[in-house]
Amino acid sequence: MRARQDAVEETRLAITEATMRLHERVGPRATTVSAVAEEAGVTRLTVYRHFPTDDALVVACSAHWRELHPRPDPSAWALVRDPVVRLRGALSETYQWAVTAAPMMAMIHRDVEVMPSFVGEYLAADELHRVAVLAVGFRARGPAARRLRAALAHALRLSTWQSLCADGGLTDAEATDVMVGAVLASVPRSG
């Protein structure tokens, strides 16, 4: 009985990891059940037996990928009282994470409109939460708060890291300095 359960779990993991590899290599838009089955070394029927819906497969793939590539935790950031120190640490952690996360996340962002709606909703809510944690303590109101939120969201995005580091050749530390400066320029100086 245990051997059968282990075999089921191994097959499920093989399918999940095959999906993950395909999402990273060709993107969700081009990932088909046939391609997943071939990549995993199983039949299409086996894929459907383990994951009867696209949603179920995406949930398993996302959970497994996040376990392998944990994103920095904003609850730890919230413990840092100084907003500039908090921002610097958050960006440093985020850019370090981006080094290994970029191949997958670039494909997910590119193809998000063809994925189950919960993926886009999760990404948007996650960004809002991260921005809210980082905005605390800047005391920006009205238009300054809008500029601050926009600057923080931009600083946290994978596309910003790609532009500055992957394409622009900056180190993560240099990119952090640039984006801390941009965020600080978005809010009035306290005096």
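I take a residue as buried under 20% relative accessible area, as exposed over 50%, and as partly exposed in between, using a 1.4 Å probe and protein chains only.

**Entry 1: histidine 50.** I looked up histidine 50 and found that its relative accessibility is 16%, so histidine 50 counts as buried. The model is a predicted one, in which local features need pLDDT of at least 70 and side-chain atom pairs count only at pLDDT 80 or more, while totals for chains, interfaces and linings use all residues. I number residues from 1 along each chain as its sequence is written, and side-chain values use heavy atoms, with hydrogens and water left out. Histidine 50 lies in helix H3, residues 44-50; helices (H or I, at least four residues) and strands (E, at least two) are DSSP runs numbered from the N terminus. Setting aside residues up to four places away in sequence, I find histidine 50 touching Val8, Thr11, Arg12 and Ile15, where contact means heavy atoms within 4.5 Å.

**Entry 2: the chain.** I counted 10 helices and zero strands in the protein chain. Of its 191 residues, 39% count as buried. The C-alpha atoms fill a box of roughly 70 × 35 × 25 Å along the principal axes. Among contacts with a separation of 6 or more, 71% join residues 24 or more positions apart.

**Entry 3: tryptophan 77.** I placed tryptophan 77 in helix H5, and its relative accessible area of 3% makes it buried. Beyond its neighbours within four places in sequence, tryptophan 77 is in contact with Pro72, Arg86, Ala90, Glu93, Thr94, Arg130, Val133, Leu134 and Leu156. I also checked alanine 132, which is 55 residues away along the chain; its C-alpha atom is separated from that of tryptophan 77 by 11 Å.

Entry 4: The buried residues of H8 include Ala144, Leu148, Leu152 and Leu156, and their cover includes H5, H6, H7, H9 and H10.

The 14 residues of H10 (172-185) should span 20 Å, and the end C-alpha atoms are 20 Å apart, in agreement. Ala175, Thr176, Met179, Val180 and Val183 are buried in H10. Viewed down the axis of H10, these buried residues fall within an arc of 135°, so they line one face of the helix; the arc is that of the directions from the helix axis to the C-beta atoms. They pack against H6, H8 and H9.

Entry 5: On a 1 Å grid over the protein atoms alone, a cavity is a set of points where a 1.4 Å probe fits but cannot get out, and a pocket is an open set with protein on both sides within 12 Å along at least five of seven lines; lining residues have an atom within 4 Å of a point. Grid points are joined across faces, edges and corners, and a volume is the space filled by probe spheres set on the points.

I found about 410 Å³ in the largest pocket. Its lining has 24 residues, with Ser62, Trp65, Arg66, Tyr122 and Leu123 nearest the centre. H4, H6 and H7 each give two or more residues to that lining.

The largest cavity holds about 30 Å³, and its lining comprises Val33, Val47, Tyr48, Phe51, Thr53, Asp54 and Leu57.

How values were computed. The expected span of a helix is 1.5 Å times one less than its number of residues.
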